[in-house]
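Subject: Structure handover and notes

Hello,

Here is the structure I promised to pass on.

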Amino acid sequence: QVQLVESGGGLVQAGGSLRLSCAASGSTSSTNVMGWFRQAPGKERESVATIAWSGGSTGYSDSVKGRFTISRDNAKNTVSLQMNSLKPEDTAVYYCAARRPFRTTWDYWGQGTQVTVSS
């Protein structure tokens with residue numbers, strides 16, 4: 001099992017920045033990809049960014065590309081999401097997730113952290 005705990009959410013004005021962190025514990029070596037997702041009220045959960053533990057290859061949704069940066073610290077088992085130039089449409093609950101090799105669905109989820117961007 002893998003436990004994921006997010007932190008760093010809050011309220012920020014449009015154009016501002018926030019940094020989210022995800023602390024992973026447990027059998028983290030069983031996972032190879034970490035991701036950040038978000039879900040706004042009345043909308044489906046969507047992928048924001050992903051990163052591989054090994055090699056650090058990253059992927060971003062078009063809506064955040066150029067504004068958000070995902071990074072990982074293998075020694076600390078943490079994954080971060082630096083969010084710059086925030087927009088009101090970035091308002092959502094942000095979730096950290098982990099996936100095991102050769103899986104098409106995400107295996108572990110955090111409890112989520114609220115990000116609210118005011119206009």
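Below are my notes, from the overall fold down to single residues.

**Ground rules**

This is a predicted model, so local features need pLDDT of at least 70 and side-chain atom pairs count only at pLDDT 80 or more, while totals for chains, interfaces and linings use all residues. Residues are numbered from 1 along each chain as its sequence is written, and side-chain values use heavy atoms, with hydrogens and water left out.

**Overall**

The protein chain has zero helices and 11 strands. Both kinds of element are DSSP runs, numbered from the N terminus: helices are H or I with at least four residues, strands are E with at least two. From the N terminus on, the order is therefore β-β-β-β-β-β-β-β-β-β-β.

The C-alpha trace spans about 40 × 25 × 25 Å along its principal axes.

The accessible surface comes to about 6,100 Å². Carbon and sulfur atoms hold 47% of that surface. Areas come from the Shrake-Rupley method with a 1.4 Å probe; for residues, only the protein chains shown count as cover.

Of the 119 residues, 42% count as buried. Buried means under 20% relative accessible area, exposed over 50%, and partly exposed in between (1.4 Å probe, protein chains only).

Contact means heavy atoms within 4.5 Å. Among contacts with a separation of 6 or more, 53% are between residues 24 or more positions apart.

Two strands pair if DSSP finds at least two bridges between them.

S1 and strand S3 (residues 18–26) run antiparallel and are joined by six bridges. Leu4 stands opposite Ala24 in S3. Val5 stands opposite Ala23 in S3. S1 also has two faces: Val2, Leu4 and Glu6 make up the covered one, and Gln3, Val5 and Ser7 the uncovered one.

At the other end of the order, S7 pairs with strand S8 (residues 78–83) over six bridges, in the antiparallel sense. Arg72 has Val79 in S8 as its bridge partner. The hairpin of S7 and S8 has four residues between the strands.

**Two residues with positive phi**

Asn77 lies in the loop between S7 and S8. Its phi is positive, about 55 degrees, although Asn77 is not a glycine. At 24% relative accessibility, Asn77 counts as partly exposed.

Phe102 is in the loop between S9 and strand S10 (108–109). Its phi is near 65 degrees, again positive in a residue other than glycine. Phe102 is exposed, with a relative accessible area of 86%.

**Two buried residues**

Leu86 lies in the loop between S8 and strand S9 (92–99). Leu86 is buried, at 2% relative accessible area. Leu86 and Ser17 are 69 residues apart in sequence, yet 6.2 Å apart in space, C-alpha to C-alpha. Not counting residues up to four places away in sequence, Leu86 touches Val12, Ala14, Gly15, Gly16, Ser17, Leu18, Arg67, Phe68 and Val117.

Thr113 is found in strand S11 (residues 113–118). Thr113 counts as buried, at 11% relative accessibility. The side chain of Thr113 reaches the backbone nitrogen of Gly9 at 3.3 Å. With residues up to four places away in sequence left out, Thr113 touches Glu6, Gly8, Gly9, Leu20, Ala92, Val93 and Tyr94.

Best regards

How values were computed:
A polar contact is a pair of N or O atoms within 3.5 Å; within protein, one must be able to donate a hydrogen and the other to accept it, and residues adjacent in sequence count only if both atoms are side-chain atoms.
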